[in-house]
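Q: I've got a structure open and I'd like to walk through it. Can you help me?

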Amino acid sequence: MARLIFKAPYYQPRSKVPSGSTRGGYANYIATREGVEILPRGGMVGYIGERCGSNGLFSDDGDPVILSQITKEMDEHEGNIWGLIFSLTREDAERLGYNQASQWVSLLRSHRNDIAREMHIAPKNLRWYAAYHNAEGHPHVHVLVWSMDPQEPYLSTVGIHNIKQTFAADIFRQDNISNYKKQTQARDELKAQFRIRIAEINKEIQSGAFSVSADLVYKLEELSVGLDKHKGKKVYGYLSKKNKDLVDEI
């Protein structure tokens, strides 16, 4: 199963969207549906939120989240609007701390320009609002994205791949660091075992206890000549096909 599920549907001005007859209706749905986490808001923003009805939408730091205005803007917008969805397994969300809205707030705010770049939106024109749903089996976040310039946005399959990779790399950063350490440790252990075995073989050859086939000796001599003529790093990836074949045979 994929560690991070990412979907990127888009809705045209007159599209019917999931759980809402209009795009603004969809925003209202994800902002108020059961399971949405409503972030505490202080000061005037909190007062407006309470006055207009509590909702789970969040966006860039400092942007007032007034649901009625957002739904109106979305319904009147002349361009396409994307409904990005990022989803994790419950186990990964709990383990990595993405079982709460605040973690997704930080993640999305830190990568808002990455989304803008992949969607060919000038950062100043980017509009986005998100809501976190603490679903039992698959905690996920909905992100509504559009541009103030209706002609700008375009999201290709490459862009979808890049956004997913960027977010996955950040979400699973600690896992990746741990994996890199394990890989480095495994390589170091392999190198150490290799050196020990080579030293043992060398002693066996010197004592006459190691039997080497004539074919192997010939191939080693041929490789030695080939490496002497090789220009550049004497690393497998940089060798000629002939020398690589010799190494494989040996």
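Predicted model: local features only at pLDDT ≥ 70, side-chain atom pairs only at ≥ 80, totals over all residues.

Q: What do the side chains of Lys72 and Glu76 meet in?

A: They meet in a salt bridge, at 2.9 Å from N to O.

Q: Why does a spacing of three or four places matter in a helix?

A: An α-helix has 3.6 residues a turn, so residues three or four places apart point the same way.

Q: Is Lys72 buried, partly exposed or exposed? What about Glu76?

A: Lys72 is partly exposed, because its relative accessibility is 49%. Glu76 has 53%, so it counts as exposed. The cut-off for exposed is over 50%.

Q: How many salt bridges are there in the whole structure?

A: A search finds 14. One of them joins the side chains of Arg95 and Asp92, at 2.8 Å from N to O. Arg95 and Asp92 sit three residues apart in helix H4, so about one helical turn lies between them.

Q: Is Asp92 buried or exposed?

A: Asp92 is buried, because its relative accessibility is 11%.

Q: Which helices do Lys219 and Glu249 lie in?

A: First, the contact: the side chains of Lys219 and Glu249 form a salt bridge of 3.4 Å, N to O. Lys219 lies in helix H9 and Glu249 in helix H10, so the pair ties together parts that are 30 residues apart in sequence.

Q: Is Lys219 buried or exposed?

A: Lys219 is buried, with a relative accessible area of 18%. Within H9, Leu223 and Gly226 are buried along with Lys219. Looking down the axis of H9, these buried residues fall within an arc of 60°, so they line one face of the helix.

Q: Which residues are exposed on the other side of H9?

A: Ala214, Tyr218 and Asp228 are exposed there.

Q: Switching to H7. How many residues does it have?

A: Helix H7 (residues 157–171) has 15 residues. From first C-alpha to last it reaches 21 Å, close to the 21 Å expected at 1.5 Å a residue.

Q: Which residues of H7 are buried?

A: Gly159, Ile163, Phe167, Ala168 and Ile171 are. Down the axis of H7, they fall within an arc of 160°, so they line one face. The face turned away carries the exposed residues Thr157 and Val158.

Q: What about the largest nonpolar core? How many residues does it have?

A: That core has 34 residues. Those with the most contacts inside it are Leu84, Phe86, Trp104, Leu108 and Val145. H5 gives the largest share of this core, five residues.

Q: Where is Arg109?

A: Arg109 is in helix H5. Arg109 is partly exposed, because its relative accessibility is 32%.

Q: And the surface? Which residues form a nonpolar patch there?

A: Val235, Tyr236, Tyr238 and Val247 do, with about 370 Å² of accessible area together. Tyr236 is in the loop between helix H9 (214–229) and helix H10 (241–249).

Q: One last thing. What is the phi of His120?

A: His120 has a positive phi of about 55°, although it is not a glycine. His120 is found in the loop between H6 and S4.

Note on methods
Residues numbered from 1 in each chain as written. Heavy atoms only, no water. Patch = residues over 30% accessible without salt bridge, like charges linked within 9 Å, V, L, I, M, F, W, Y side chains within 5 Å. Areas by Shrake-Rupley, 256 points an atom, 1.4 Å probe, with all protein chains shown as cover. Salt bridge = Lys/Arg side-chain N within 4 Å of Asp/Glu carboxyl O. Helix = DSSP H or I, 4+ residues; strand = E, 2+ residues; numbered from the N terminus. Expected span 1.5 Å × (residues − 1). Buried < 20%, exposed > 50% of the residue type's maximum accessible area, 1.4 Å probe, protein only. Arc of directions from axis to C-beta. Core = buried A, V, L, I, M, F, W, Y, C linked by side-chain atoms within 4.5 Å.
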